[in-house]
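Please keep the sequence and the three-dimensional view at hand while reading.

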Amino acid sequence: MDRNVKINDEGHLMLGGVDAVKLTEKYGTPLYVMDEDAVRGAMRAYRDSIDRFYDGNGMICYASKAFSCKEMYRIAEDEGLGADVVSGGELYTALSVGFPMERICFHGNNKSDAEIKMALYNRVGRIVVDNMEELERISRFADELDYTANVQLRVKPGIDAHTHQFIMTGQIDSKFGFALETGEAMEAVKKAIETPSVRLLGVDCHIGSQIHEVTPFVKAAEVMMDFIADIKSETGYEIEELDLGGGYGIRYTEDDDPVPYAEYMEAVSAAIHKKAADLDVGVPFILMEPGRSIVGEAGTTLYTVGAVKEIPGIRTYVSVDGGMGDNPRYILYQSKYDFLLANRAADEADTVVTVAGKCCESGDLLGENVSLPAAKAGDIMAVLSTGAYNYSMASCYNRNPIPPVVMVQDGEDRLIVKGQSYEDLIRNDL
Ligand SMILES: *Cc1c(COP(=O)(O)O)cnc(C)c1O
């Protein structure tokens, strides 16, 4: 591990200037910790890159499915970002803190009537249309409200982003959006142009997640600009907005080498400007929807080590008091993380172990071949880069309560999401 991890004189991991061991004494374990400066810093890096390379002619929409809670919408608003939501529940959370609805982008491949009505009633800035039937419903419900809905069309640009197939969404065999190659996307555009109570603002693509190369994003931007030009020549209609989705990779372990955001933006901007000039179309307003790269590296999960089980000649299991309930990414994708002992962060990692959760599933692991100092019951285990798709994917499987989330900054900590209690677990049981 060659992370820039901060350790104090006692050998304790420091998070946002706060001793991680003290955090566990105060809040218990498991505990999600989010570093506010890291979150805000990532938001600013994206925003600044649009200012620097794209004349500020765009908006960053935080893809809130990565980590959604009231405080995140407050921070996104404060940093001047928009937010991408994919459900009535995320929209409700944003609404609950007065997030500006004109900066909301509503996604989803199977929006319910209630969700569409909720989005329209609250005048969200954009609804990203996934299919023809949805377009028809949006039109009908908008008409009932005597309102014109601003929409984008979700397009599959056919880009293979070299990533895990579960998180590859731009190719033709995907449940998301209209395919370009088959002519379906053009048909959808024509339909949207003539559909009443709907205003076609833009086209949208999202090519995958945890992508570590600039090329797929540039390719996607080029394919989408070609499409915008085709739309203009076939219909005369000028598309104003291009939404390039999210998917920018982060560092989970030393094997990951993410590209700085500014590099993506610089390359994508150059590609768009070139295409606009070559194809004689306007330079579109752009939207980018980073999720993981805003919150992923900002998060750390802290656990207490319990049972340590050495199976001679096979492996050693080090079990912690959480697992797939608070971090389902290993069981879903065999995702890799960096681990350390927060109470002995400076000790040499001289054992190789399997870190296991406490759920009744053999697959409930957090990592295999993990290098750690010899762990014993009572040690505090830290798992790094758990800010994205951990809390937001958490479940209370085995009726393990979902842990609290604490925000740290400048040596201060504050609770932003309470942990579930046992009473919470039975709250809806009748
Ligand atoms: C998931 C998703 C994102 C965010 O992806 P990250 O990999 O977290 O950046 C953005 N836009 C859309 C449409 C998505 O589905």
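**A predicted model: sheet, ligand and cavities**

In strand E2, Leu13 is the bridge partner of Ile7.

- Strand E1 and strand E2, the latter made of residues 13-15, pair in the antiparallel sense over two bridges.
- These strands are part of an open sheet of three strands in the order E1-E2-E3, with antiparallel pairing.
- The edge strands are E1 (6-7) and E3 (18-19), each of which pairs on one side only.

**The ligand and its surroundings**

- The ligand is surrounded by 14 residues, and the closest are Lys65, Ser209, Glu289, Arg292 and Tyr389.
- Sorted by class, the shell around the ligand has three nonpolar, six polar and five charged residues.
- Tyr389 places a polar side-chain atom 2.5 Å from an oxygen atom of the ligand.
- For Lys65, a polar side-chain atom lies 2.7 Å from an oxygen atom of the ligand.
- Asp84 has an N or O atom in its side chain that is 3.4 Å from a nitrogen atom of the ligand.
- Taken alone, the ligand exposes 390 Å², and the protein buries 94% of that area.

**The cavities**

- How many cavities of 30 Å³ or more does the structure hold? There are two cavities of that size.
- The largest cavity contains about 40 Å³ of space.
- Its lining consists of Cys205, Ile207, Phe217, Ala220, Leu244, Tyr248, Val268 and Met288.
- Which classes of residue are found in the lining of the largest cavity? The lining has eight nonpolar residues, with no polar and no charged residues.
- The second largest cavity contains about 30 Å³ of space.
- The residues that line the second largest cavity are Tyr32, Met34, Thr301, Thr386, Gly387 and Tyr391.
- By class, the lining of the second largest cavity divides into three nonpolar and three polar residues, with no charged residues.

Note on methods:
Residues are numbered from 1 along each chain as its sequence is written. This is a predicted model: local features need pLDDT of at least 70, side-chain atom pairs count only at pLDDT 80 or more; totals for chains, interfaces and linings use all residues. Side-chain values use heavy atoms; hydrogens and water are left out. Two strands pair if DSSP finds at least two bridges between them. Helices (H or I, at least four residues) and strands (E, at least two) are DSSP runs, numbered from the N terminus. On a 1 Å grid over the protein atoms alone, a cavity is a set of points where a 1.4 Å probe fits but cannot get out, and a pocket is an open set with protein on both sides within 12 Å along at least five of seven lines; lining residues have an atom within 4 Å of a point. Grid points are joined across faces, edges and corners, and a volume is the space filled by probe spheres set on the points. Ala, Val, Leu, Ile, Met, Phe, Trp, Tyr, Cys and Pro count as nonpolar, Asp, Glu, Lys and Arg as charged, and the others, Gly among them, as polar. A residue is near a molecule or strand if one of its heavy atoms lies within 4 Å of it. A polar contact is a pair of N or O atoms within 3.5 Å; within protein, one must be able to donate a hydrogen and the other to accept it, and residues adjacent in sequence count only if both atoms are side-chain atoms. Accessible areas come from the Shrake-Rupley method with a 1.4 Å probe; for residues, only the protein chains shown count as cover.
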